[in-house]
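Colleague: Hi! Could you walk me through this structure?

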Amino acid sequence: MPDSTLEVIRHPLIEHKLSFMRDRRTQPPEFKELLDQITLLMTFHVTRGLEGDEVSIETPLETTRARRIREDRLVVVPILRAGLGMLEAVRKLVPGARVGHLGFYRNEETLEPVRYYGNLPSHTGDSAFLLLDPMLGTGGTAAAAVAELKAHGATDIRVMCVVASPEGAAHMTARHPDVPVYTAALDRQLNAVGYIVPGLGDAGDRVFGTS
C-alpha cells in the first residue's frame with residue numbers, strides 16, 4: 001500500500017494476544033483484558049513522539065536532570081462505544097491525559113457514519129490527540145471523527161486501532177494524509193456488509209457482552 005498513513009505495529013506478544021481475541025470462544029471478560037494488554041503494548045509505540053520537558057529531581061544520592069512529559073497535553077478520544085474498551089489501558093500509562101468522547105453509529109444500509117454525540121475538552125496548540133477505535137473498517141467513522149477533531153483545532157492527531165482493513169486504510173490516507181494510523185493487524189478485506197474479515201467480530205459487542 002504505497003504512501004499509506006497506516007503503520008502495522010508488529011510484535012510477537014501482540015500477535016499472540018490478538019490470536020485469542022479473534023477466537024470466537026473467547027468470552028467478554030477475557031476479550032476485554034486482551035484488548036487492554038494490546039492497547040498497552042501499542043500505546044508505548046504510538047506515544048514515542050511525545051516531547052518531554054527537562055526537570056531537576058533529587059535522587060537518593062544526588063540532584064540530576066530528567067525528562068517528563070506534560071500528561072495533560074495528551075487528549076484521548078475514544079469513539080463510542082467500542083473505543084471505551086481501549087481508554088483504560090491508555091490512562092494506565094498516561095493517567096493525567098484528558099479525555100473527550102465522540103459517538104457515531106453506522107447506517108447499516110449506506111454504511112455511512114452518523115454522529116450522535118460529541119464532547120471534547122478545550123486545548124492549546126501543543127495538545128496531541130489520540131483517537132481510539134478497535135476496528136478500522138470502511139474508514140468512514142474514523143475519517144469523520146478526525147474531521148471533527150480538526151474542526152476543534154487539533155493539528156497533532158494519531159489514530160490507534162487493533163484491526164484494520166485495506167479499504168479503511170486507503171480511505172483514511174485519501175481523506176487525511178497528514179494523520180498516522182496505527183494498527184496491530186491489517187486484515188484481508190471487507191465483506192459484503194462492511195465487516196472486516198477474518199476480523200474478530202463486533203468489538204463493542206464482544207467487550208460489553210451484547211449482540
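Modeller: One term to begin with: a salt bridge is a side-chain nitrogen of Lys or Arg within 4 Å of a carboxyl oxygen of Asp or Glu. Also, this is a predicted model, where local features need pLDDT of at least 70, side-chain atom pairs count only at pLDDT 80 or more, and totals for chains, interfaces and linings use all residues. Residues are numbered from 1 along each chain as its sequence is written, and side-chain values use heavy atoms, with hydrogens and water left out.

Colleague: Thanks! How many salt bridges does the structure hold?
Modeller: There are 13. One of them joins Asp187 and Arg22, with the closest N and O atoms 2.7 Å apart. Asp187 is in the loop between strand E13 (185-186) and strand E14 (189-190), while Arg22 is in helix H1 (residues 12-22), so this pair ties together parts that are 165 residues apart in sequence. Helices (H or I, at least four residues) and strands (E, at least two) are DSSP runs, numbered from the N terminus.

Colleague: Is Asp187 buried or exposed?
Modeller: Asp187 is buried, because its relative accessible area is 7%. Arg22, at 26%, is partly exposed. The cut-offs are under 20% relative accessible area for buried and over 50% for exposed, with partly exposed in between (1.4 Å probe, protein chains only).

Colleague: What does Arg48 pair with?
Modeller: Arg48 forms a salt bridge with Glu7, and their closest N and O atoms are 3.7 Å apart. This pair also links distant parts of the chain, 41 residues apart: Arg48 sits in the loop between helix H2 (28-46) and strand E2 (52-58), and Glu7 in strand E1 (residues 6-8). Glu7 counts as partly exposed because its relative accessibility is 28%.

Colleague: And which residue does Asp126 bridge to?
Modeller: To Arg73, with 3.2 Å between the closest N and O atoms. Asp126 lies in the loop between E7 and strand E8 (128-132), and Arg73 in the loop between strand E3 (63-69) and strand E4 (74-80), 53 residues apart. Asp126 is partly exposed at 43%, and Arg73 is partly exposed at 22%. There is also a network in which salt bridges that share partners join Lys32, Asp36 and Glu88.

Colleague: New topic: what's around Thr183?
Modeller: Thr183 is in strand E12 (residues 181-183) and is buried, because its relative accessibility is 0%. Leaving aside neighbours within four places in sequence, its contacts (heavy atoms within 4.5 Å) include Leu6, Glu7, Met42 and Cys161.

Colleague: What share of the residues count as buried?
Modeller: Of the 211 residues, 45% count as buried. As for contacts with a separation of 6 or more, 65% are between residues 24 or more positions apart.
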